[in-house]
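Good morning, and thank you for coming. Please look at the sequence and the model on the screen while I describe a few of their features.

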Amino acid sequence: MNKIRVRFAPSPTGFLHIGGLRTALYNYLFARKEQGTFILRIEDTDQSRIVPGAIENLITSLHNLGLDFDEGPGKEGDFGPYIQSQRLNLYQEQAQRLLEKGFAYPCFCSSETLTNMRKEQQEKGEFVKYDRRCLALSQSEIRQKMANGEKYVIRLKMPDKHKFRFYDLIRGEVEMDSSQSDDQVLLKSDGFPTYHLAAVVDDHFMQISHIIRGEEWLSSTPKHIYLYECLGWEPPKWVHLPLILNPDRTKLSKRMNDVSVDSYLLKGYLKEAIINFVALLGWHSADERELFTLDELCEVFSLERVNKANAIFDLAKLDWMNGQYL
């Protein structure tokens, strides 16, 4: 039996918020229940959005809540480094492999060209996606552009008219059409990977067994499955968690509400109440209990009891739990 290895992989673009904590918590509980490994990986490839101090805050917030990771920054294991900006050579090597195998191609389009392309497609009511104009370039044209120093990105060449089928441990069988997938940029002109390439490469080399992440990444899964196929790797198991919604059913956003973990701790909410509250945002126990310690959650948590329906962020519930733990 393969060892369970899961990861919480936030971007350091702000402080840890309730949505991120829920993802971290479910990964942590699953790892502890299955005697597996809980990994913290920092996905900092979008350098323009990094917030100073965010990595330190993430680590401190997890520790303050009792969710200490087994491998990660400052706790190096056999699969580090655990900060993506320190792993650039690995992503560049795999992007080159995809180019050589014909699964990817260089794109020299400027941002202005791409903006005009999208505008034209929107005006025509078409699905907005890259129109593959650079795929038609000959090898001599590509070499000449590179020799001229023209900037380029590397794009994944998605298959045409292909049905992607995969099993999600929460949603069951899922089918998605490749026509709704773009030729995703894998490697940017500055040599940094996009999320799609970096996540797949890291999940493979860190031997991740289960990817437990938010539902917003469900539409990207075909691209990731195809990358695994192109690189000759076995994909992990997929687990897409339901969204957390505001009471008005809009998506919970750290830009809309004061939902950082630190803010609730500073307001006097107990860490036990926060953990219990977040655990029930999309999961329920077999006996419908509402109060658990972290150790008890580690014993009873199962992915099979994660809800398919979206969860509502109800502060009154957190207030009630805080009172019960006092």
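Helices here are DSSP runs of H or I with at least four residues, strands are runs of E with at least two, and both are numbered from the N terminus. Please note that this is a predicted model, in which local features need pLDDT of at least 70 and side-chain atom pairs count only at pLDDT 80 or more, while totals for chains, interfaces and linings use all residues. Residues are numbered from 1 along each chain as its sequence is written, and side-chain values use heavy atoms, with hydrogens and water left out.

Is Met 117 buried or exposed? Met 117 is buried, because its relative accessible area is 4%. Buried means under 20% relative accessible area, exposed means over 50%, and partly exposed lies in between, with a 1.4 Å probe and protein chains only.

Which residues does Met 117 touch, leaving aside its neighbours within four places in sequence? They are Lys 129, Tyr 130, Asp 131 and Arg 133, where contact means heavy atoms within 4.5 Å. Asp 131 is 14 residues from Met 117 along the chain, and their C-alpha atoms are separated by 7.9 Å.

Next, I turn to helix 9, residues 271-279. Seven of its nine residues are buried, so helix 9 is largely enclosed by the rest of the structure. The buried residues are Ala 273, Ile 274, Ile 275, Asn 276, Phe 277, Val 278 and Ala 279. Their cover includes helix 1 (18-33), helix 8 (261-266), helix 10 (294-300) and helix 11 (315-325).

Now to the strands. In strand 9, residues 237-241, four of the five residues are buried. Strand 8, residues 210-214, runs parallel to strand 9, and five bridges join them; two strands pair if DSSP finds at least two bridges between them. Within this pairing, Ile 211 stands opposite Trp 238 of strand 9.

Finally, I consider the whole protein. There are eleven helices and eleven strands, and 50% of the 326 residues count as buried. Among contacts between residues at least 6 apart in sequence, 76% join residues at least 24 apart. Along the principal axes, the C-alpha atoms fill a box of roughly 70 × 45 × 40 Å.
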